Amino acid sequence: MQLKKVILTVAALFFVSTVTTTSVLGADKFVWKMATSWPDGTILQESATSFADQVTKMSNGRLTIKTYPAGVLMGALEVTDSVRMGVIDAAHSSPSYSVGQLPAAPLFGYIPFGMEAIPYLTWLYEGEGSQLLDELYAKFDLGYVAPCGIIPSENLAWSNKPITKMEDFKGLKFRTSGYWGEILSEAGASVMMLPAGEVYEALQRKVLDAGEFSIPNIDKDLAFYEIADYLLVPGIHQTSTILDLKINKRSWNKLPEDLKEIVRVAAKATTIELLTKCIVRDVPALDFFKEKGVKIEYLDPEIQRALAVKAAALMEKKSANDPFFKKVYESQKKFRTGYDQYKALMTPSFK
């Protein structure tokens, strides 16, 4: 009888222990919804999904992130507000898309004649950029914000007429966004902002004379080569573009520290992964355009210099009207000066 009591007691304790452990594990699992600003089928959406998959895998399923491309849960430009309101847990987008609410936001996403990928990321990760990014989004009261992807120089324009001089911008119906739109407007263009999914039809129906969306391999996926005779490069308007991850405060605060660190590491890994994948796909994409008969034109350096002057004047004007904008812009200029000196000394010149 005594032995039977001992066995029953041990069995009861094992049952209680098992139930308690299962409950803790169950409570330690999270499922997030993450909406993006990217069309399905593009490398940008692929990158967002890759980030989500990395988090799920590294956390052994404790944090599962389900991704939704633009237009499924909400529009491409609505994801940030949706994170703020807690409609979704996270968003994969670009800071530049918040320019209407945060005038300095494009400085963290892309600006005309801005930094290339390596100095941009260095400023963000090792310079003042990270702290300034937190300051930028402070009024949104988010849980976590960080770079989560970067792409190299974009295509400057798809068009059905050549653009070889400054006068060619006058009266041009041009799809673009951000500060580049302001610069083109000053150059005489008629600028409009359209989501990526509407650019093809707008060019085809001549609602647009010219337009840009992204890098060669993305524009290939969107089939712009089918409805435009000319491709203008280089992407002076976006020499590199930061994508970011924004997480709702309540969702972030519920995570234990180890899962937070997994999110941080996955975001950095995704950033480098996207850059290298873009380059390896952009090279054959440009060859593909040539095979399809697209005329690839390099914008005259004189025009580039003239537009660079307009860009610098615009940045100074915005700095004069916004102390935080000036703070960020001055930080970038200072970092870039040092980096350019370093690059000039350390880059071989033998061609």
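**Close-up 1. Strands S1 and S2 run parallel in this predicted model**. Strand S1 covers residues 30-36. It is joined to S2 by 6 bridges.

**Close-up 2. Five strands form an open sheet with mixed pairing**. Read across the sheet, the order is S2-S1-S3-S10-S4. Strand S2 (63-68) and strand S4 (144-151) are the edge strands. Each has a single partner strand, so one side of each is left without a neighbour in the sheet. From one strand to the next, the twist averages 25°.

**Close-up 3. Helix H4 packs on the sheet**. The helix spans residues 117-125. It touches S4 and strand S10 (241-247). The direction of H4 makes about 170° with that of S4.

**Close-up 4. Helix H4 also packs with helix H10**. Two packed helices are described by the angle between their axes and the distance between the axes. Here the angle is about 175°, and the axes lie 12 Å apart. Because angles over 145 degrees count as roughly antiparallel, H4 is roughly antiparallel to H10. Helix H10 covers residues 257-291. From H4, the contact uses Ala 117, Leu 121 and Tyr 125. From H10, it uses Lys 268, Thr 271, Ile 272 and Leu 275. By type, the residues of this contact are 5 nonpolar, 1 polar and 1 charged.

**Close-up 5. Phe 108 and Trp 123 form a tilted aromatic pair**. A search of the whole structure finds 13 aromatic pairs. In the pair of Phe 108 and Trp 123, the ring centres are 5.7 Å apart, with 35° between the planes. Phe 108 lies in the loop between strand S3 (90-93) and H4, while Trp 123 lies in helix H4, so the pair ties together parts that are 15 residues apart in sequence. Both Phe 108 and Trp 123 are buried.

**Close-up 6. Tyr 144 and Trp 252 form a stacked pair**. Their ring centres are 4.6 Å apart, and their planes stand at 10°. Tyr 144 belongs to strand S4 and Trp 252 to helix H9 (residues 249-254), so this pair ties together parts that are 108 residues apart in sequence. Tyr 144 and Trp 252 are both buried.

**Close-up 7. Ring pairs link aromatic residues into a cluster**. Its members are Trp 158, Phe 224, Tyr 225, Phe 288 and Phe 289.

How values were computed. Residues are numbered from 1 along each chain as its sequence is written. This is a predicted model: local features need pLDDT of at least 70, side-chain atom pairs count only at pLDDT 80 or more; totals for chains, interfaces and linings use all residues. Side-chain values use heavy atoms; hydrogens and water are left out. Two strands pair if DSSP finds at least two bridges between them. Helices (H or I, at least four residues) and strands (E, at least two) are DSSP runs, numbered from the N terminus. Axes are lines fitted to C-alpha atoms, for helices over the stretch in contact, and angles run from 0 to 180 degrees between N-to-C directions. Contact means heavy atoms within 4.5 Å. Angles under 35 degrees count as roughly parallel, over 145 as roughly antiparallel, 65 to 115 as roughly perpendicular and the rest as oblique. Ala, Val, Leu, Ile, Met, Phe, Trp, Tyr, Cys and Pro count as nonpolar, Asp, Glu, Lys and Arg as charged, and the others, Gly among them, as polar. Rings of Phe, Tyr and Trp (its six-membered ring) pair if their centres lie within 6.5 Å; planes under 30 degrees apart count as stacked, over 60 as edge-to-face and the rest as tilted. Buried means under 20% relative accessible area, exposed over 50%, partly exposed in between (1.4 Å probe, protein chains only).
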